[in-house]
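These entries record what I looked up, element by element.

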Amino acid sequence: MSMTPIDTNARRIRELSQAPFLQLSGISKRYGGVTALNSVNFACRRGAVHAVLGENGAGKSTLIKIITGVVRPDDGHMLLDGQAVSFATPADAMRNGIVGIFQELSLIPDLSVEANICLTSPPGQLGFINFAAQRRFAKNLLDRVGCGDIHPGELVRNLSLSRKQMVEIAKALGRRARLIVLDEATSALTGEDVKKVYSLIERLRNEGVAILYISHRMHEIAHLADECSVFRNGQNVATFANGEHTDSEIVRMMIGRDFKHVFPEKPVRTKAPRPALEIEHLSWADRIKDVSLSVDAGEIVGLGGLDGQGQRELFLALFGVLRGVTGTVRVNGASVTVSSPRKAKSKAVGIALVPEDRKTEGLILPMTVRDNMSLASIGRYVQRLMIDRASENAEIGRQVERMSIKAANTDVVVGTLSGGNQQKVLIGKWLMTGARILLLNDPTRGIDVGTKQEIYALMRKLADEGTAILFYSTDYDELIGCCDRVAIFYDGAVRRELDGDNIVEHNIVAASLALDAAAHSDEGKAAK
Amino acid sequence: MTNVRIWLAQNYAPILAGLVFAAMFATYATKGSAGWQVAVLDTAANKAVALALISMAQTLVIITRGVDLSAGMIFIMTNCIASALVTGTPGDVALGICGVLLAGALAGLCNGLLVVFGRLPSIIVTLATGSIYSGIALAIRPTPGGSIDEDLADFLTSHLFGAIPTSLVLLLAVVLLVWVPFRMSVVGRHCYAAGSAESAAYMSGVSVSRAKLVAYTLSGLLSGIAGLFVTFVTYSGDAGATIGGAYTLNSIAAVVIGGTSLYGGAGGAIGSIFGAFTLRTIDDLLLAFGLPPLWQPLFQGIVLLGAVSLGAVRIFRLRNRMEVFQ
């Protein structure tokens with residue numbers, strides 16, 4: 001991965017404004033006994049993309065929460081354009097031209113796209129909204145982010161996750177920001193929308209906006225950033241120009257481990273395949289079109305392609321969430337009809353789904369680690385109408401140890417754990433059901449590198465123990481690193497199946513864009 | 001075309017409520033022995049407008065994802081205040097009206113302050129304040145009584161231009177002066193935002209507190225208008241707590257029939273008005289068909305269940321069961 005040469009215009013702006021636009025000195029923040037930020041110094045300039053890297057819990061979130069006025073620091077000073085500032089609320093920060101685009105979308109589902117874009121200060125007079133001006137304003141911004149196809153009057157709740165994220169970006173643009181914070185802004189996007197965001201970021205940088213870019217995707221940072229800061233344990237351990245350090249050096253700064261061994265070895269498959277899950281001619285509405293796919297016991301099969309090509313629907317169909325699915329599903333050779341998640345997790349079927357959104361579909365955040373982990377398998381521990389706490393706890397203890405879940409004990413509330421540990425609890429919950437077929441829907445989304453690595457290793461270990469895994473990921477590196485085979489989806493159908501040495505980025509990209517075999521090599525280069 | 005489709009998709013509930021009411025009222029008017037008589041229309045309108053106003057008040061709170069159990073109590077409290085203040089010289093009457101409306105708005109503001117700054121659930125706050133407002137009403141009118149300016153009362157409860165009930169004109173005026181500006185204002189939008197996704201609204205820089213305070217205060221004002229209006233109808237004040245309770249529960253029913261989501265963030269007062277009219281037409285209909293009034297709560301329950309079920313019909317059409325939970 002190489003650094004993109006900085007545009008001459010942007011360089012000129014940087015030279016003009018060498019003084020930092022935002023400067024933090026000695027910023028500290030404690031939550032109870034935990035120090036989230038410890039006397040941090042940090043600065044960013046106009047017309048530059050400043051990447052912030054670090055594992056979950058390193059202090060990145062707290063840093064951007066302080067900058068965007070969500071929390072107040074306990075200590076330290078903040079200078080904006082040379083003036084001392086202190087923000088009590090996000091509204092305060094916005095008045096100063098600081099706008100955050102957060103992982104947790106700040107959109108109102110029941111309002112229209114245009115109402116969301118103009119939420120805080122719509123065009124109008126005396127507190128009344130000028131609806132015609134609002135529509136023009138929203139339409140203009142949607143065009144600017146390359147989403148002119150979104151109708152401004154549509155309710156946000158009717159949009160896909162990827163489209164919502166684009167609306168979120170359009171909304172931030174409308175605030176004439178001087179500093180934009182993008183927190184994992186591309187994690188819900190792939191393909192086309194990511195490209196739109198890239199070119200937008202470059203345009204904003206050239207217009208002199210300061211951009212703080214938080215991402216777990218190294219290739220994005222290598223592509224976009226001018227400067228990088230690495231956070232570890234609440235401290236800014238290094239700030240440097242992009243390209244000054246290699247990826248593996250940066251990762252070592254973040255976690256003190258080598259990047260090389262991120263993905264476990266793929267075993268050479270010698271035994272005759274024994275399909276654990278066979279899908280034949282599966283169709284649903286207009287979202288899944290005649291999909292046939294099989295997964296052997298001990299195999300990890302990746303689902304690739306752009307976002308929203310039917311991968312999620314395939315998981316939901318297999319898990320019994322969708323109504324009116326046609327086609328055949330066989331588990332260990334026996335045909336099954338899965339009409340609900342309850343049926344899916346039963347002994348006869350044994351399918352588990354780790355859903356896309358762990359915070360709403362996966363875990364019950366206000367409940368404890370214990371209650372979450374045994375939720376799907378609680379029936380196993382019932383003796384004489386009562387829950388046998390001893391055997392429940394014993395099994396939970398085994399899972400906590402196996403997954404090395406970092407929690408003080410199993411009575412802590414799941415919502416207080418880091419994202420990575422939450423995801424481990426979620427996977428553990430499904431392993432406790434004894435399912436032999438695991439459907440993983442983007443399980444590493446928004447998780448730090450260290451935990452990702454643990455999840456990759458766990459996936460391989462489960463496969464070696466005979467579990468069949470279907471793995472959807474929006475990150476090509478993961479598909480390449482983890483999967484024995486990859487099925488690329490396009491428009492609800494499997495466009496291409498890759499295996500062995502064919503699992504390389506340009507094949508995945510080409511098939512994702514549904515390009516002909518002849519055009520594969522060209523497009524592969526272009527995508528790189 | 002797309003604009004029309006989107007508008008219909010977002011407004012089908014109040015349209016449906018309007019159609020149901022129109023159908024019921026047409027049945028009543030043709031079947032009823034009284035027929036289309038001006039006096040019948042006046043009475044029907046007077047009965048419906050009080051509930052419609054309280055339902056509008058309820059809508060404002062429900063939009064912010066709350067519920068106002070004190071709406072009916074503010075209504076009887078302002079009724080009792082009106083029966084004491086709105087009398088005498090035209091100046092006294094005007095001043096009295098202002099006092100009544102102020103009392104209503106103040107009661108709503110109190111609810112709002114407790115919900116916003118006390119961080120307390122609206123259901124329990126308004127249960128408590130409702131009792132207090134009911135107590136105040138009893139203090140003013142231990143027994144039903146009092147009086148009100150009768151000329152004004154007769155004017156407001158009869159009809160204009162020979163056939164149009166004045167109460168409907170009054171309701172229209174309230175819609176135009178309170179609801180429409182609210183719907184078009186920034187703070188109104190912020191109320192919807194706070195009800196739909198409070199944390200997202202906060203993160204967008206919306207002043208959620210201010211929005212909610214405005215919603216609760218306007219809600220109190222509307223309940224106050226209802227209390228004032230009912231005094232014109234009855235010429236007196238009555239602190240009966242059962243009336244307040246019935247109005248509160250009926251207002252929630254009317255809001256639901258009108259298509260406003262109890263989960264906040266979606267719906268509007270126009271639907272609630274039709275919801276209130278529908279509920280009120282039920283007893284008139286029963287009368288027209290010669291059925292005993294005992295049947296009234298039964299039919300109200302059926303209509304309410306029907307309205308809620310209409311919203312649930314989409315569940316049978318859902319092909320992705322996860323959408324049930326959204």
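This is a predicted model: local features need pLDDT of at least 70, side-chain atom pairs count only at pLDDT 80 or more; totals for chains, interfaces and linings use all residues.

Entry 1. I looked up β23(A) and its partners. Six bridges connect β23(A) with β24(A), and the two strands run antiparallel. Within this pairing I found A:Y490 bridged to A:A493 of β24(A). The strands β23(A) and β24(A) make a hairpin, with two residues between them. I then turned to the other partner, strand β15 (residues 300-304) of chain A, which pairs with β23(A) in the parallel sense over four bridges. There, A:L303 is opposite A:A487 of β23(A). I asked how many of the six residues of β23(A) are buried. The count is five, and I recorded the strand as mostly covered.

Entry 2. I examined the turn of the hairpin. A:D491 lies in the loop between β23 (485-490) and β24 (493-499) of chain A. Its phi is positive, at about 55 degrees, although A:D491 is not a glycine. I noted this value because most residues other than glycine have a negative phi.

Entry 3. I looked up A:D290, which is not a glycine and has a positive phi of about 50 degrees. A:D290 belongs to a strand, β14 (residues 288-296) of chain A. I found 13 other C-beta atoms within 10 Å of A:D290, so this residue is partly exposed.

Entry 4. I traced a sheet of chain A. It is open, has six strands in the order β6-β9-β10-β3-β11-β12, and shows mixed pairing. Which strands form its edges? They are β6 (98-101) and β12 (235-241) of chain A, each of which pairs on one side only. With direction ignored, neighbouring strands of this sheet are turned by 20 degrees against each other on average. I then followed one pairing in detail: strand β3 (residues 49-54) and strand β11 (residues 227-232), both of chain A, run parallel and are joined by five bridges. In that pairing, A:L53 has A:V230 of β11(A) as its bridge partner.

Entry 5. I moved to chain B and examined helix α7 (residues 166-184). This helix of chain B has 19 residues and spans 26 Å from its first C-alpha to its last, close to the 27 Å expected at 1.5 Å a residue. I located a kink of about 35 degrees in α7(B), centred on B:V175. I also listed buried residues of α7(B), among them B:L168, B:L171, B:V174, B:W179 and B:F182.

Entry 6. Last, I looked up the contact between the chains. I found 28 residues of chain A in contact with 27 residues of chain B. On the chain A side, α3 (90-95) and β8 (128-129) each supply at least two of the residues that touch chain B. Which element gives the most to this side? It is α3(A), with three residues. By residue type, the side of chain A that touches chain B divides into 19 nonpolar, six polar and three charged residues.

Terms used. Residues are numbered from 1 along each chain as its sequence is written. Chains are lettered from A and ligands numbered from 1 in the order in which they are written. Two strands pair if DSSP finds at least two bridges between them. Axes are lines fitted to C-alpha atoms, for helices over the stretch in contact, and angles run from 0 to 180 degrees between N-to-C directions. A residue is buried if 20 or more other C-beta atoms lie within 10 Å of its own, exposed if 12 or fewer, and partly exposed in between; C-beta atoms are placed from the backbone. The expected span of a helix is 1.5 Å times one less than its number of residues. The bend at a residue is the angle between axes fitted to the seven residues ending there and the seven starting there. Two residues are in contact if their C-beta atoms, placed from the backbone, lie within 7 Å. Ala, Val, Leu, Ile, Met, Phe, Trp, Tyr, Cys and Pro count as nonpolar, Asp, Glu, Lys and Arg as charged, and the others, Gly among them, as polar.
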